[in-house]
Amino acid sequence: VDALAGNGLIVVNVDAVPTARQRTFLLAHELTHHYQRQLAGLQAQQVKWMLEGTAEAVGAAVVSRRGFFTVQQYKDNWFRGISQAGSKPALGMLRRSNDWATALSRYGSGLTYKTAGLGVLMLMEQQGQRSVVAYFEQLGSGVTADSAFESVFGLPLADFELQLADITRKVS
């Protein structure tokens with residue numbers, strides 16, 4: 001385990017993270033989880049790929065601001081990793097925590113996180129970074145994930161999941 005976040009505590013195994021870029025990404029990822037929980041509490045986990053994908057997208061943005069890699073480089077890397085995979089998870093397969101755990105076992109953590117990160121990067125490109133914050137704020141106000149997603153992003157959650165599946169299928 002490189003890092004864990006929960007209940008206002010972040011624990012990082014610095015020795016397991018060899019470069020400054022990787023440590024920057026990991027800390028941004030875990031701090032994002034802390035912020036998501038401030039906004040939405042336990043409801044932040046309603047859609048696991050949104051929870052983890054947002055942390056991945058923020059990690060990429062912070063690394064970019066520090067001058068290590070650009071967000072576009074992350075996006076290209078994630079597309080490349082997904083396209084080279086023989087089998088890959090679809091976002092719809094990554095909604096619940098137990099499905100996420102199954103995907104980690106079946107596809108590996110790299111591919112699973114890349115898929116989630118790519119989904120959120122695409123949402124941010126289409127709707128802006130603030131939209132993702134608005135999604136978690138709505139979850140915190142008691143709105144369901146399906147309602148929050150459609151309200152903020154303008155389409156049903158399942159439709160977006162299918163769109164990303166179509167895009168990743170085309171790159172294989």
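1. Let's start with a term: a salt bridge here is a side-chain nitrogen of Lys or Arg within 4 Å of a carboxyl oxygen of Asp or Glu. Helices and strands are DSSP runs numbered from the N terminus (H or I of at least four residues for helices, E of at least two for strands).

2. A word on the model before going further. It is a predicted one, in which local features need pLDDT of at least 70 and side-chain atom pairs count only at pLDDT 80 or more, while totals for chains, interfaces and linings use all residues. Residues are numbered from 1 along each chain as its sequence is written, and side-chain values use heavy atoms, with hydrogens and water left out.

3. Is K75 buried or exposed? Its relative accessible area is 13%, so K75 counts as buried. The classes are buried for under 20% relative accessible area, exposed for over 50%, and partly exposed in between, using a 1.4 Å probe and protein chains only.

4. The salt-bridge count comes to six. One of them joins E52 to K48, whose closest N and O atoms are 3.7 Å apart. Because E52 and K48 are four residues apart in helix α2, about one helical turn separates them. Both E52 and K48 are buried, and K48 has a relative accessible area of 12%.

5. Leaving aside residues up to four places away in sequence, K48 touches L94, R95, R96, S97 and W100, where contact means heavy atoms within 4.5 Å.

6. R95 forms a salt bridge with D146, with 3.7 Å between the closest N and O atoms. This pair, too, links distant parts of the chain: R95 lies in the loop between α3 and α4 (97-107), D146 lies in helix α7 (residues 145-153), and 51 residues separate them. R95 is partly exposed at 23% relative accessibility, and D146 is partly exposed at 41%. Through salt bridges that share partners, R95, D146 and E161 form one network.

7. Now for helix packing. The axes of α2 (residues 48-65) and α3 (residues 71-84) come within 8 Å and cross at roughly 135°, which means that α2 is oblique to α3. Axes are lines fitted to C-alpha atoms, for helices over the stretch in contact, and angles run from 0 to 180 degrees between N-to-C directions. Angles under 35 degrees count as roughly parallel, over 145 as roughly antiparallel, 65 to 115 as roughly perpendicular, and the rest as oblique. On the α2 side, E56, A57, A60, A61, V63 and S64 meet V71, Y74 and W78 of α3.

8. How do α2 and α5 pack, and at what angle? Their axes are 7 Å apart and the angle is about 75°, so α2 is roughly perpendicular to α5. Among the α2 residues that take part are W49, M50 and E52, and the α5 residues include Y113, A116 and G117.

9. Finally, the surface. L4, L9 and V11 make a nonpolar patch of about 290 Å². Patches are made of residues with over 30% relative accessible area and no salt bridge, joining like charges within 9 Å and nonpolar side chains (Val, Leu, Ile, Met, Phe, Trp, Tyr) within 5 Å. Accessible areas come from the Shrake-Rupley method with a 1.4 Å probe, and for residues only the protein chains shown count as cover. L9 sits in strand β2 (residues 9-12) and counts as exposed because its relative accessibility is 53%.
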